[in-house]
Structures are given as structure tokens and as C-alpha cells.
There are 4 protein chains.
Amino acid sequence: MLVSKIQTSLAYEVSSASEFFLNMLVSKKSQLILDERLHVGYVNRHGVESVIHFQKNIDAVGGRFASFTAQEGTVGVEYTARVVTNNERRPADAAIYSISRLPKKTIPCLRPSRYCESDVLSAQVQSLFRAQGDGIALVESIIDWIQDNIQYEVGCSDSTTSAWDVFEKRKGVCRDFAHMAITFCRALNIPARFCVGYIYFDEPPQDFHAIFEAYLGGRWIKFDPTRLAPPDHLVVIARGNDAKDTPFATIFGSIRTTRMRINIVQEDPYSDFRVAAGDEQQAIIGR
Amino acid sequence: MLVSKIQTSLAYEVSSASEFFLNMLVSKKSQLILDERLHVGYVNRHGVESVIHFQKNIDAVGGRFASFTAQEGTVGVEYTARVVTNNERRPADAAIYSISRLPKKTIPCLRPSRYCESDVLSAQVQSLFRAQGDGIALVESIIDWIQDNIQYEVGCSDSTTSAWDVFEKRKGVCRDFAHMAITFCRALNIPARFCVGYIYFDEPPQDFHAIFEAYLGGRWIKFDPTRLAPPDHLVVIARGNDAKDTPFATIFGSIRTTRMRINIVQEDPYSDFRVAAGDEQQAIIGR
Amino acid sequence: MLVSKIQTSLAYEVSSASEFFLNMLVSKKSQLILDERLHVGYVNRHGVESVIHFQKNIDAVGGRFASFTAQEGTVGVEYTARVVTNNERRPADAAIYSISRLPKKTIPCLRPSRYCESDVLSAQVQSLFRAQGDGIALVESIIDWIQDNIQYEVGCSDSTTSAWDVFEKRKGVCRDFAHMAITFCRALNIPARFCVGYIYFDEPPQDFHAIFEAYLGGRWIKFDPTRLAPPDHLVVIARGNDAKDTPFATIFGSIRTTRMRINIVQEDPYSDFRVAAGDEQQAIIGR
Amino acid sequence: MLVSKIQTSLAYEVSSASEFFLNMLVSKKSQLILDERLHVGYVNRHGVESVIHFQKNIDAVGGRFASFTAQEGTVGVEYTARVVTNNERRPADAAIYSISRLPKKTIPCLRPSRYCESDVLSAQVQSLFRAQGDGIALVESIIDWIQDNIQYEVGCSDSTTSAWDVFEKRKGVCRDFAHMAITFCRALNIPARFCVGYIYFDEPPQDFHAIFEAYLGGRWIKFDPTRLAPPDHLVVIARGNDAKDTPFATIFGSIRTTRMRINIVQEDPYSDFRVAAGDEQQAIIGR
């Protein structure tokens, strides 16, 4: 059991009326929100805010969106939440299910998606790996391959970069690592899905993080192909087929992001585990 | 935040093939299950069990059912769960919403139901109370009325007893108290629903408990008209319009219940709060 | 295949601000709406209307609600729809399913509800009938019993009348006949649900009608215990556990119904079948 | 109103145990199925069949899947259905909704998907077209562009071909034309989705067909960028973000398709419209 306290502070310069869809509220699936507060408003030079009303909604894809329209000005978004998650120990062995044994709802997670062209890379992946009984060992060997062959490099990719691109350029950030691993899993008939959220990093800055889940032994198991943090520490925001389903912010209009600070404290009240993000630091999107 | 550990042990003498639908697994809504185990089997005189396979399913009404068929013999059911709940402090003030402001999904909770004949009792309730701005004060005055006028008496009602019956006989158990309060709320245009679960009682035996939720100030708030335990300590199993939607066991066949033991430990890791059900005791259904 | 054209015209005298929830739009389940128009407005002495805007919504229970707030004045509601339904021939034989074979979603339709106290009447029903293999014959014998023992009498019951009341008073209208039959089916472990809609009557006035569906042979089959019209001709508005789930209008406030006219034309383009409600007539609620 | 009769006949040589997921049953959304029959079995040299049992299920993405496991041998699939659809006249004018006015459920249909890289093609599309008030005229001008610039050529693309590929190669089949149009719409902030089904072609062979729907004026409107048949005549099987969500057959194993015949009759009982697919012909996948 992990209790996480999250503080997110964003600011945008809006130069003309813009529509915001924020997907940074933590998920209610298999997580317990103890308390949560979202505050959106205009900030003037005196720091005084006037409130912008927003709508909270459940999207078809599973995240919890907050949407609002902002006019010209400086918009501030402040989000705080305390969340309990269940950092389950990973089972020693979790078999790959044959197709006939898979629940129907996992079938879409076998298909290619915008950033995970498992159809194109199928032959190459199958020559590298063989889908065998113990799924966890196989997924870990996929991650080993990614660690050995793909360089983690901040700023090297953008929002159009797909697994195929990364397979060729051999570098990427967390979302690219996750897209690679998902693509490999799907090419081996293991359902896999994208998962974004908040997690504490030993090395600052704190940031949103992307990992993935593979369906093994009858359940979804978290893996982090960047190996930057323990995957079971992730406080999930949203899950989807790939990054296109889980943008933390979709903005239609003309804006500039001027602040993005994330502060995370995580602890286990039943053990000595406790981490605290010290100073608030400027985060870089896409770690 | 409360961490509850629940152990339920049931035994049935089955005299001919019977269908069991158990609805005693804790709810996943606004609760985090840390771990959970359900075990069903035949017990012989040597205590040896052979396993009965069951299906877990989501029912239309919201509970999590486990169903199985048992043949002649002694059937044992063992359930353990560790669950985190959020015992929120009740807001100081939560207004009664006008009908036009209520979310559509709360409208069915304004209607009469099998055990809550708010249509029949409407005039009498409206002469006793007046729906006013502060909903919590009104609901508490409903509970005051029930405490003053209805006697809590174990065994005085059965599965066909409705709020109307209790209004006339002036005695009942927890489910009857909840039906009364729900009926009164609905007659005053406050959406109300039935809620069953596990809770620690200072006085043994431990048992299933029934309370209710009223929709006030834009949220569902728990109230316990028996005032036997703090309502925010309830670990919810199921919610429904009344007791007909939330039977902890529905059995079609010929059986006799020979054991029903519930053991509950509740604690708050961040405070000194800790209660532990000591000896396992024989519980009486319907406290 | 039946093509039905429905015209409903309602008028209300509203004496103070009132909330309307209309559930008279035809269902989209297993029906195809060719076109549909709902118009709500204030009518003055010159017949001129000003429009009232309404919201259409899906309710938890399954109907399609249109809701609006009306101020003091005369409110007119005009609804027209053309709908295709599939008047399937009833199978010659449809077995009663054992409990273990029933889909989980049908289980709530075995439970008692506000107007169908199958728990109370269980013993009496079981002494009258025996649940046997051929479900259609059994359900028809239930309807025979109702036809022989319950008198159809307009105006003899009200919105609080339940099956138990009718069982004692031996008279009722269509909704009471349906409640009786549902109660009998549930007491015999046959899932049954309430079903309201539009149907053409040979004898005017045209009106809303209530029938029921029993779950036999793996599907829901329509029966009309009043035997006033062929059940497969019903254009369904809503289904529910009983009449409390399917009110064609729920109004919170102070109003008086001053007009309720229903006009129905039904035809089968592939056969000679064609009926047409001639003059618009004043209908009586609750036929 | 259109009544369509569909007959589909498929045969597969299965060389080792294979899992079949067929998504060729017609959709129940806004369509009325009058009758429907699916039959799956092994065929031997005497034409005798032994039945293969299958499961029908609702998939997360919206189609109705039938799944089964087949062993070595010749497998035959026979599907017949009679379906009523509503071929509504297209509104004269249907405005493009601003983002803030779009229902949340349409937002995913603005995002790129596996075969519709609207993120990559965004700048090019925006230089070709300008999103303006009348959506239908804009979408028709997109289709004009596709008709002028993309050559329809059977067999020129495969299951990995995306809109970007087609934009470069300038040729494709119906699914590629639909992917192009969807990509263009999304790049112009018009929600668009893929739609497959059965439709009668003047020129044989009859086949599955892919078109798309754009969200304009508050509703989904069908368009066929191949202009091979009237889009409102389509009997829909499934809708999705692109072709990856709507494969008519997904087969895991070693098989060879040996027969695929589709026969379609469409008529309007209220007009003279009637088309009948004459001889059963061998269809080519992917028209």
C-alpha cells in the first residue's frame, strides 16, 4: 500500500480563445482518492486569480477529463490529490494466455495502434523473440533488448514519433520506450496497453511518466521499460492503446506553456518507505 | 483512511442440488482492495475440503456476485479481504438540491421501491417534516424521529417487512431502520439508497450491517439510523434501492445455514484508531 | 415487420414553476426510429406557442427522458414518431430455464419490486401453479387465471396499487394485470419485467398500454394479460421492474393535465395489415 | 427505409488448430434485425457438415464478434440476415461544431489512429482546405480532392497501408479512401470514424465495403469517398477509429480462405427501389 501526495502547477499564456481538455486527474480504477482539488483561474500581475469554471467528465477511452474555455490572458491550473494505490508484489510466474483463453476485452490490445505498428514490425519481432510459457521472463527480455539497443535521450522525439521510428533511430524518451515494448508484446500476441501517471524519480525533475501493462496469467501487470522507477509506484492517470489516448493536455487554440511543476511525495504507512520531492522544480515534458 | 480486514466464514447443509448467489464480496467503488480471497468447498467429517468452482460476475444492480451450484453435503465458504476506505469527514452543510439541479442518475432513488413505499407514506412524512435548505440537519432530524419512535429489536421482522409495516409496528432491525429513513427522504424529494457492508461493532457479535446514503450538496452521504457505529467506517458490499437489491446470499434450493461468523479488524495507520474483533463469534443475521 | 406512426398531444395547466420528466419517447432497443419530433412550448389564448427548451437523456433504468422546467401557464407537448418494430412470431415452445442457466442480468427480474410482492404471494402462487418445462403454456395459464379472476375496471386503482392489493380486490387496469402476471412469474422463478408503450386498440380511446415480458427459452417474450391487443404490436417506450420505473410523466410541482390525445396508425408494408386510429379522441389514463 | 437481405458464405482450409474472431454480423445500432442466422461447421467431401459451436459477444470497440476454435479441415461459415435501415435524407446544411460544442464522446475521433496519421499530415491538409461553417460542402470538397488525386486500384494496398502511404502513392481501395478522408477531417478538427458493412454494388462482385462518418451539425453523417454506392444504403457491421477496429475476420493460426461470396438484395417497400444481386459471385477482398 502506497499513499501518494501529488501537486501539479501549470501556467499557460493564452493569446486567443482556446479550448482546454486536461487529462491529469488521477484514475479511480484500482486506486482510492482520499482527497482531490482542481483549481483553474486567470492570474494577473498581482497574482490575483479569477476562477474559470470547468466540467469534469468521463471520456470514452477511460481518463477523467476536465475541460474549459480560456480567453486571452495567463491561465493557472493547480491540482492536488492524495491517493492510495496497491503496490502488489509481482507474481513469480504469469503465463502467456493462448488467444482462445484471452478475455474478449483484451483483444483490442493485440491490434496495432497509431504509435505501435505491431503489424509492420511483426516479422522482425518474431525473429528476435519467441512467445513462450513464462510471460514475465519474456517481457523482461524485451525490456533488456530495449535497454541494450535504445538510448534514452530527452528531447529527441516528438508527438508524431512512433515505435517504428524509434526502432530505426534507436533513441527516445519514456513514451517511446513504452510504445516499443507494447509493439513487441502485441507482435508476440501478448495484449499490452499504455499507462501514464505520476511517480517519484530519485533524480529530479519530477514529471509525468509513461509505462505499459502486459496481460499475463489472467491480469494486467505493470512494467517500466526505462527502469527509472518501480512500476508499481505509479499513480495512474489514464490507460489507452498508446499515447494518443492519454494526452495530459489537449489544447485547441493558441497558447504557450509557461510553467509545469510536479511535486510528489510517496510513502508506505506500514513500512519505512518514504520519498519526498524536495524543491519544486521546472519539469521537462516527456521524460 | 481506514484499513479493514474482514474474515467471513459460512457453512450450509445442502439437502439437494442448490444454486448459490453470494453477494458478500466488498465493492470496488470508492474502495481499494489490497488483497482478497474467496474459497468454496465441500467439508467432510474429517474437515477435508474439495473445491467448488465459482463464477465471479458484475450484476446489473452493482454488487459483485459469486455463483456456484452445490450438491448434497456440507458446503463451506471462506472469504477474507483487506480493504482501504476513505472515512471522509461529513461536510458542515450540504443543501437539498431542487429537482432540476439533481443529476438524472439520482432520479430512480426518489421513487418508491419494494420495501420503501414512499408513495403511500408521502402525506404523513410531509406533515412530520419539511424539506429545507440544510439537508444534513433534516436527515438527522429524521433519524432522531426514528430513534424516538422505533424500537430496535432483533428478530422482530423478516424478509417481507417493509417501511410501511415498520411505521405501523414501530420496531425493527438495521435494514428496517434504513428502509424507514430512505422512505422518509424520498417522500421529501431527497434521493436515498440502501447500502450494506461490514463494520466493527463495539458490542459483539460482528455482522453484516445496513445503512443508507442520502444525496445532499451534490454527493452521496452515509447515515446510520441505528446509530450503532460510525457510518463512515462501513466497508461497502453493495448499494441498491432497498434490501431486495443487496441480499448477501440468494439461494435457490433446499439448504440450512449452520455457520455464519464474521471477524473485523479496523485501523487508521495515521491515527491511534484501532479496533479488533476478538474471538470469532456466532453472528445473528440482520442486526 | 410493423411500421407504426404515433402522435401524442398533451397539455398541462401549470400553476407554479414545475419540473417535468417525460418518458414517452419510444425506445431504441430492438426498434428502429425512422423519424421523431418532440415539441414543447407555452400556449396562449391565441394558440401561439413560445418554445421551451428541453434536455433528452438516457436514464439508468432504460427509458429516454425529456426534462424541462415550466413556469405558470399552459404547456403543450407534441410528440410524433415513425417506428419500425419486429413482430416476431412467438416460438411454439420456450422452456423455463433453471436458475443456473439464467443469464445474470435476468436475476433482478426474479426479485420482488414495489408493485410486485412476489415474496409475500409466493406460497399462494405456488399452490395455484407448478413451474414446468413449457414456459409459454404456463404463462398462458397464469393469464387465464387472471382473466377468470380479475375484473378489468377503468378507474378502480391508483398509483399506489400493487399486485397484492389486486389479488385481494380482484379488479384492476392494464398496469395491475401486468403487475399480477409479473408477480406470479417471479414466484415461479421465471424472470419477468414490466413493459409500456403504444399500441392500437380496436376500441377507442387510444392510450398508453402496459404489458409484460417473461424470460423463456433464452429470450424475452411479450404477453398481454389484458388480451386487449396483440402483444407483438406494442411499440415499446420503456421496460423496468414495475410501473415505478416507467412513468410516462413524472412532474414535481403544481399542475393539472388538460389534454392527453394519442393517435396510432400501424401497418405491415409486406402484408395487408393496416389499422388507423380515426378521430383524435380524449384518452383516459391507465387503460 | 430500406430492407436488406444479406447472405455471406465463407470457407477456410485450416491446416492447424486456429482461433477465429468473425466480425461480420450486422450492427444493432440504429438498425433493426428482422431475422439472422449464423452457421459454422466442418465440410467434408460429401458436403456433410458437423457443427462448430461459437460464442457471440460484444467487443469493447462496438462490433458483434462470433468466435470459435477450428481444427484441421475445411470450415464453412454461412450467415444470413434481414435488416431494416433508415436511409435518411442528408440535411441541406450541417455546420462544423467548434471544439467546445462537441460532445466529449466525439473527441477520440479527432485523434490520429493507426491508419490515419492526422498529426503528420496536419500542415499539408490545412494548406489544402479551410474548415468553414458548412461542413457538408467541406467534406464533399475533401472527397472531390480524393477522387481527383487518388486512383482506385484493386490489390494495390495491404493491411499495413495507412493514409500517409496512400497520400504518397496516390492509389488505394475503399478502406484507403476512407482512411484518407478521415485523416483529412481530423486534421481540420472534424470528428470522423471508420464504418464497414454490406452494400449493393451495381457492378459485381458484391463485397464488404468501407466508408466513413463525419460529425456535423450534431450528428454522424455517412460519406463514401469512393462514390461507388449511396452511403445511406450501407448496412453497418461495425464502426471504429480505423480499419484496425473493424476487421471482418481476425484469425490466429494457419488457414487459407477458399470461398468468400456475398449476396445482397435491397429494397424500399414504400418506393420502387429494388436491387438484387443476381448470381453468387466470387468476391475480392478489399474493394
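Helices and strands named in this tour are DSSP runs, helices of at least four residues and strands of at least two, numbered from the N terminus. The structure is a predicted model.

**First stop: Ser162(D)**

Select Ser162 in chain D. Ser162(D) sits in the loop that runs between β7 (151-152) and α3 (163-169) of chain D. Is Ser162(D) buried or exposed? Its relative accessible area is 2%, so Ser162(D) is buried. Next, display the residues around Ser162(D). Beyond its neighbours within four places in sequence, the contacts of Ser162(D) are Arg114(D), Tyr115(D) and Glu117(D).

**Second stop: chains D and C**

Show chains D and C together.

Now select the contact itself. Chain D contributes 13 residues and chain C contributes 13 residues. About 1100 Å² is buried between chain D and chain C, with 66% of that area given by carbon and sulfur atoms. How many salt bridges are counted between chain D and chain C? The count is zero. Six residue pairs, with both members at pLDDT 80 or more, are in polar contact between chain D and chain C.

On the side of chain D that touches chain C, the elements giving two or more residues are β2 (31-43) and β6 (73-85) of chain D. The largest share, four residues, is that of β2(D). Sorted by class, the side of chain D that touches chain C has eight nonpolar, four polar and one charged residues.

Chain A is laid on chain D, with an RMSD of 0.0 Å, by a turn of 180 degrees and a shift of 0.0 Å along the axis. Which residue of chain A comes closest to the rotation axis? Arg114(A) does, with its C-alpha at 1.8 Å. Here, too, the same surface serves both copies, as 100% of the contact residues of chain A recur in chain D.

Select the residues in contact: 31 residues come from chain A and 31 residues from chain D. The two chains bury about 2600 Å² between them, and 63% of this area is on carbon and sulfur atoms. In chain A, the residues losing the most area to chain D are Lys104(A), Arg111(A) and Arg114(A), which together account for 26% of what that side buries.

The side chains of Arg114(A) and Asp119(D) form a salt bridge, with an N to O distance of 3.1 Å. The count between chain A and chain D is two salt bridges. Polar contacts link ten residue pairs of chain A and chain D, both members being at pLDDT 80 or more.

The elements of chain A that give two or more residues to the side touching chain D are β1 (2-22), β4 (55-58), β5 (64-70) and α1 (118-128). Among these elements, β5(A) gives the most, with three residues. By class, the side of chain A that touches chain D has 13 nonpolar, nine polar and nine charged residues.

Show chains A and C, then chains B and D. Chain A and chain C do not touch, and their nearest C-alpha atoms are 16 Å apart. Chain B and chain D likewise do not touch; their nearest C-alpha atoms are 16 Å apart.

**Last stop: Trp220(C)**

Finally, select Trp220 in chain C, which lies in strand β11 (residues 219-223) of that chain. Why does Trp220(C) count as buried? Trp220(C) counts as buried because its relative accessibility is 18%, and the cut-off for buried is under 20%.

Display the surroundings of Trp220(C). Not counting residues up to four places away in sequence, Trp220(C) touches Thr106(C), Cys109(C), Pro191(C), Ala192(C), Arg193(C), Glu213(C), Ala214(C) and Tyr215(C). One of these, Thr106(C), is 114 residues from Trp220(C) along the chain, and the C-alpha atoms of the two are separated by 9.7 Å.

Key:
Residues are numbered from 1 along each chain as its sequence is written. Chains are lettered from A and ligands numbered from 1 in the order in which they are written. This is a predicted model: local features need pLDDT of at least 70, side-chain atom pairs count only at pLDDT 80 or more; totals for chains, interfaces and linings use all residues. Side-chain values use heavy atoms; hydrogens and water are left out. Buried means under 20% relative accessible area, exposed over 50%, partly exposed in between (1.4 Å probe, protein chains only). Contact means heavy atoms within 4.5 Å. Buried area is the accessible area (1.4 Å probe) that two parts lose on being put together, summed over both. A salt bridge is a side-chain nitrogen of Lys or Arg within 4 Å of a carboxyl oxygen of Asp or Glu. A polar contact is a pair of N or O atoms within 3.5 Å; within protein, one must be able to donate a hydrogen and the other to accept it, and residues adjacent in sequence count only if both atoms are side-chain atoms. Ala, Val, Leu, Ile, Met, Phe, Trp, Tyr, Cys and Pro count as nonpolar, Asp, Glu, Lys and Arg as charged, and the others, Gly among them, as polar. Copies are superposed by least squares on the C-alpha atoms of residues with pLDDT of at least 70 in both.
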